[in-house]
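Welcome! Take a moment to look over the structure below, then follow along as we walk through a few of its parts.

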Amino acid sequence: MTQAQTSPAAAGTASAQVINLAEATTDPLLSLVLQQLEDDQAQEVVTIDLEGKSSIADHMVIASGRSTRQVAAIAQKLAEKVKQAGFGPVKLEGLPAADWVLLDAGDVVVHLFRPEVRSFYNLERMWAFGDAPPVAGRA
């Protein structure tokens with residue numbers, strides 16, 4: 001994967017980070033999600049560890065597609081792959097408009113955005129409690 005690394009603003013604080021596929025092998029669902037996003041050419045893939053921050057999931061993955069068509073295709077294919085791998089059904093929200101699609105796969109929550117929508121909502125910064133640097137390409 002080719003992503004820009006992010007680092008904490010201060011020692012001891014958690015922030016958004018890129019988890020390479022090799023590092024994700026301890027969680028098979030996260031590994032599957034990251035591999036599928038890479039295969040489908042998702043852009044700016046960022047993983048946020050939610051353990052201890054939230055009970056909704058263990059990991060949040062945020063990625064971008066180049067268009068609504070690509071976002072929808074990535075979401076549908078990812079949901080199918082997760083189900084085929086035996087992780088159960090995935091809940092999808094936002095698929096008709098495909099500006100922002102949420103996939104709830106249980107322990108991993110995936111947000112897929114068009115770049116403009118991702119920039120507007122800036123989830124990386126919110127979930128890192130304000131200490132994540134801006135994503136590349138933002139003013």
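## A hairpin to start with

Strands β4 and β5 form a hairpin with three residues between them, and glycine 106 in the turn has a positive phi of about 90°. Strands here are DSSP runs of E with at least two residues, helices are runs of H or I with at least four, and both are numbered from the N terminus. The model is predicted, so local features need pLDDT of at least 70 and side-chain atom pairs count only at pLDDT 80 or more, while totals for chains, interfaces and linings use all residues. Residues are numbered from 1 along each chain as its sequence is written, and side-chain values use heavy atoms, with hydrogens and water left out.

Leucine 103 stands opposite valine 110 in β5.

## Strand β5 and its other neighbour

On strand β2 (residues 59–64), β5 has a parallel partner, and six bridges link the two. Here methionine 60 stands opposite valine 109 of β5, and valine 61 has valine 110 in β5 as its bridge partner.

Is β5 enclosed or open? Six of the six residues of β5 (residues 108–113) are buried, so the strand is largely enclosed by the rest of the structure. Buried means under 20% relative accessible area, exposed means over 50%, and partly exposed lies in between (1.4 Å probe, protein chains only). In a regular strand the side chains alternate between the two faces of the sheet. In β5, Val108, Val110 and Leu112 point one way, Val109, His111 and Phe113 point the other way, and all are buried.

## Strand β2, covered on both faces

Strand β2 is mostly covered too, with six of its six residues buried. His59, Val61 and Ala63 sit on one side and Met60, Ile62 and Ser64 on the other, all of them buried. Strand β1 (residues 43–49) pairs with β2 in the antiparallel sense over five bridges.

## Aromatic rings

How many aromatic pairs are there? A search of the whole structure finds three. Rings of Phe, Tyr and Trp (its six-membered ring) pair if their centres lie within 6.5 Å; planes under 30 degrees apart count as stacked, over 60 as edge-to-face and the rest as tilted. Tryptophan 100 and phenylalanine 113 make a tilted pair, 4.8 Å centre to centre with 35° between the planes. Tryptophan 100 lies in β4 and phenylalanine 113 in β5, so this pair ties together parts that are 13 residues apart in sequence.

Tryptophan 100 also pairs with tyrosine 121: the ring centres are 4.7 Å apart and the planes are at 50°, so this pair is tilted. Because tyrosine 121 lies in helix α3 (residues 115–121) and tryptophan 100 in strand β4, the pair ties together parts that are 21 residues apart in sequence. Tryptophan 100 counts as partly exposed at 29% relative accessibility, phenylalanine 113 as buried at 1%, and tyrosine 121 as partly exposed at 42%. Trp100, Phe113, Phe120 and Tyr121 form one aromatic cluster.

## Two helices in contact

Leu29, Leu32, Val33, Gln36 and Leu37 in α1 meet Ile74, Lys77, Leu78, Lys81 and Val82 in α2, where contact means heavy atoms within 4.5 Å. These residues divide into seven nonpolar, one polar and two charged. For this count, Ala, Val, Leu, Ile, Met, Phe, Trp, Tyr, Cys and Pro are nonpolar, Asp, Glu, Lys and Arg are charged, and the others, Gly among them, are polar.

How values were computed
Two strands pair if DSSP finds at least two bridges between them.
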